[in-house]
Amino acid sequence: MCPRTVAGGVVTGGRAPQMQGAVARSPFPPIASFAFLSDCHTGALVAPDGAIGWLCPPRFDAPSVFATILDRQAGYFRFGPFDVNAPSARTYEPGTNVLVTTWKTPTGWAEVRDALTIVSRSAPDTTTPHTRAPADDDAAHCLVRTVTCLDGHVEMELLCEPVFDYGRVGAEWDGDDEHEATASGGGMSLRLRSDLPLGVQGGHVRARHTLHAGDRAFCSLSWADDLVGPATFEEAAAELDSTVTYWRDWLADATIPDHPWRESLERSALTIKGLTYMPTGATVAALTTSLPETPGGERNWDYRYNWIRDSSFTVQALHYLDLDWEADEFVEFLSGLEANDDGSLQIMYGIDGRRDLTETTLDHLTGYQGARPVRTGNGAFAQRQNDLYGAVLDAILMHAHRSQRVPRALWPLIRSQAECATAVWREPDQGIWEARGAPQHYVSSKIMCWVALDRASKLGTVVGDAESAVRWRVVADEIAADILAEGVSERGVLRQHYGTDALDASALLAAIYGFLAPDDERLRATVLAIADELSEGGFALRYRTEETDDGLSGREGTFLICSFWLVSALTIIGEGARARALMEKLLRVVSPLGLLAEELDTQTGQHLGNFPQAFSHLALIEAARRIIMIEKLLEFV
């Protein structure tokens, strides 16, 4: 591995690199400092110094080729001013996932544009074939980076060192042309092009060139089947402009309220779209694997899969923003999933619908700031989690109301999920948080089984199956009675699970899904208990780790999803002022580029967990929607 010189003589790229008598350890940038790029097939994270910290071509769940966010030797690709690592400004071009970084060096100013490019479709995609109807625009399967010297002169450096298969296979370079080189390893190839002269040195390619005011340069890295990518600055700039047009045209189809939170809603919408796998319509929970929920700890999971429980929030958010095409694509993905032998769906699937997500550890990687193990796959896919039936049927009912029809293909799925919920609601499970301790009778799982039968009954009425509708309503009422008999503590608060008085933020779903009426005293007591007793610094925890057998050690941060749920629940019970105050507080902790991880460490202010997190942005949209609706109603009072 080559050393990578940065400002002040510190070396990045190695665990303990050495330089002329000095030893330095490369730091890991804060999770919230990364920028997110996407072409709706895969995504990249860009560190503040301009290095690609994460990229898995050609799709979200493929092995990484750049992964310095998990190990400082697991692949590196930087395009920026030599010996300068702190940019003057970083922002997205408005309405896009195209990053613009402005650099001030001792001798001049430069601007870098980065994107995973999206262009007009000219032929079928053979790199990641579509199973749904392809759109007019699609991924070019290429990372494009351009630089313009704005003033003075700037010495630019390009350093590309892919390490394939999660940092296990070094690149073999083939470069007869000084402006083009191809790296191979781990069964795939990447082609680097630039108008800067390239030098191949072992496992990396490097270029250095001084740009003067008005000078421009580019580089592109392609993993398309034909390895085609821009070969000139003009072609590179055109692909970036095409990508800008794509994102802005897409966002123009959304209806974003004219409200002070508009920017946050737009960024959340762009992030959710960016985490959607275009060929199938599936949405990954997050871009990354194994970013820790506990600093230096073992709560590190692979989130590059589709969680079924996210479905109702996904459909609701998309319909709220009038993104009906995306909602329809997602429901189509749900309807095509292969069920278990009993007709139930798994709690999660691969973005191509695959069922086997066997979990393994990548023991050769150091992990982010030493947090190990690093995992790929997710063993929770085989767990029983009884909440998913309600999420699926709630999503279908919402979609049916919006589209004014229940497609014939969905009725078997509706029946199977309703019958599965009927069969299992009395059984313990691992709960919404996928606890790896003993199964319990989690209250939130019972609530979601009630949601399943409640929504199934309504769908049965819509399609004219009165017999099933009545039968499912009887079961829904039975579940509700059981929850209220066994799941409420003596002080009138919903429990985490039967047999404990511990609190759990998932009980907020009783408000969000309408299990209890807004004026029910048990709902009010539950929401306020969570707000007052299950929080740190005003932000909600999932549960107290010392009170919950989740099979893991260590504490965890506050969960941003739960905090947004708390905003929604406070709004529902009439605590509008308190809900808005918490919402404003949450919006102040988004990353500098408007992104959210899964958790927040209230002691340090650092984001924790995989990044960016779709569920956090979905919950943001849900919470904002409820407050904005109340505000609009009050305008007419």
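**Aromatic pairs in the predicted model.** The count is 15 aromatic pairs. Rings of Phe, Tyr and Trp (its six-membered ring) pair if their centres lie within 6.5 Å; planes under 30 degrees apart are stacked, over 60 edge-to-face, and the rest tilted. Trp247 and Trp250 make an edge-to-face pair, 6.4 Å from centre to centre with 85° between the planes. The model is predicted: local features need pLDDT of at least 70, side-chain atom pairs count only at pLDDT 80 or more, and totals for chains, interfaces and linings use all residues. Residues are numbered from 1 along each chain as its sequence is written, and side-chain values use heavy atoms, leaving out hydrogens and water.

**Trp247 and Trp250 in helix α2.** Helix α2 spans residues 233-252 (helices are DSSP runs of H or I, at least four residues; strands are runs of E, at least two; both are numbered from the N terminus). Trp247 is buried, at 0% relative accessibility. Trp250 is also buried, at 7% (buried means under 20% relative accessible area, exposed over 50%, partly exposed in between; 1.4 Å probe, protein chains only).

**An aromatic cluster.** Phe313, Trp433, Tyr513, Phe559, Trp565 and Phe615 form one cluster.

**Charges over rings.** Arg72 sits over the face of Phe28, 5.1 Å from the ring centre. Lys585 sits over the face of Phe539, at 5.2 Å. The criterion is NZ of Lys or CZ of Arg within 6 Å of the ring centre and within 35 degrees of the ring normal.

Strands β9 (residues 89-92) and β10 (residues 99-104) run antiparallel, joined by four bridges (strands pair if DSSP finds at least two bridges between them). Ala89 has Thr102 as its bridge partner in β10. Six residues lie between the strands, and Gly95 in this hairpin takes a positive phi near 75°.
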